[in-house]
Amino acid sequence: MALFAREVDDPELPRGDRGRGSFDDYRYDLRAKNRRVTMTLAGSDPCQEELARILEAGGELETAMSPRSIEQERVDARIEVRLFTGSRVSAPVGRIPRGLESVIDETLRRLDDRGVKPRIPARIVSRGGALRVQLLMGAIA
């Protein structure tokens with residue numbers, strides 16, 4: 001592994017469930033370079049039943065999470081992600097890929113500073129026979 005890897009990697013998880021994302025998709029201020037930028041959550045394999053229920057219910061999806069506190073940053077805590085379906089908040093459906101927590105923290109703080117709800121649009125996709133959650137990072141202007 002390179003000293004300053006640009007791709008994320010989490011050897012604790014199976015190869016197909018490590019999530020996807022890259023710092024190359026973001027500018028210096030951690031804003032997405034274009035509207036097509038997505039981030040795929042890691043650790044979604046145990047959440048397949050919950051993801052199937054959410055997909056079946058349909059509707060717009062947004063994240064329901066908050067930035068890490070100072071204490072959580074100190075121990076490099078994972079950021080678990082829940083989805084807001086418009087009427088309820090789901091059980092955890094995955095977590096932010098290792099190394100990209102700062103992108104999420106900055107995005108949530110930027111949304112909060114604007115006075116809007118700190119929610120990131122999301123969608124559920126089928127990849128490799130499993131359901132995965134993609135955060136639509138480029139949809140946030």
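Two strands count as paired if DSSP finds at least two bridges between them. Strands are DSSP runs of E of at least two residues and helices are runs of H or I of at least four, both numbered from the N terminus.

Colleagues, the structure above is a predicted model, in which local features need pLDDT of at least 70 and side-chain atom pairs count only at pLDDT 80 or more, while totals for chains, interfaces and linings use all residues. Residues are numbered from 1 along each chain as its sequence is written, and side-chain values use heavy atoms, with hydrogens and water left out.

Six strands form an open sheet in the order 1-6-5-2-3-4, with antiparallel pairing. Its edges are strand 1 (39–40) and strand 4 (94–95), each of which pairs on one side only.

Helix 1, residues 48–57, packs on this sheet and touches strand 2, strand 3 (80–84), strand 5 and strand 6 (130–135). Contact here means heavy atoms within 4.5 Å. The direction of helix 1 makes about 70° with that of strand 6; axes are lines fitted to C-alpha atoms, for helices over the stretch in contact, and angles run from 0 to 180 degrees between N-to-C directions.

Let me now take the pairings in turn. Strand 5 and strand 6 are antiparallel and joined by six bridges, with R123 opposite Q134 in strand 6. They form a hairpin with two residues between them, and G128 in the turn has a positive phi of about 65°. Strand 2 (residues 61–64) is joined to strand 5 (residues 121–127) by two bridges; L61 has A122 as its bridge partner in strand 5. On strand 3, strand 2 pairs over three bridges, again antiparallel, and T63 has L83 as its partner there. Two bridges then link strand 3 to strand 4, where E80 is partnered by R95.

Next, a ring and a charge. R119 lies over the face of F84, at 4.0 Å from the ring centre. The criterion is that NZ of Lys or CZ of Arg be within 6 Å of the ring centre and within 35 degrees of the ring normal.

Finally, where is empty space left? Rolling a probe the size of a water molecule over the atoms shows this. On a 1 Å grid over the protein atoms alone, a cavity is a set of points where a 1.4 Å probe fits but cannot get out, and lining residues have an atom within 4 Å of a point. The structure holds one cavity of 30 Å³ or more. The largest cavity has a volume of about 50 Å³, the volume being the space filled by probe spheres set on the points, which are joined across faces, edges and corners. Its lining includes Y26, R31, V103 and M137.

Methods. 1 Å grid on protein atoms, 1.4 Å probe; cavity = no way out; pocket = protein on both sides within 12 Å on 5 of 7 lines; lining within 4 Å.
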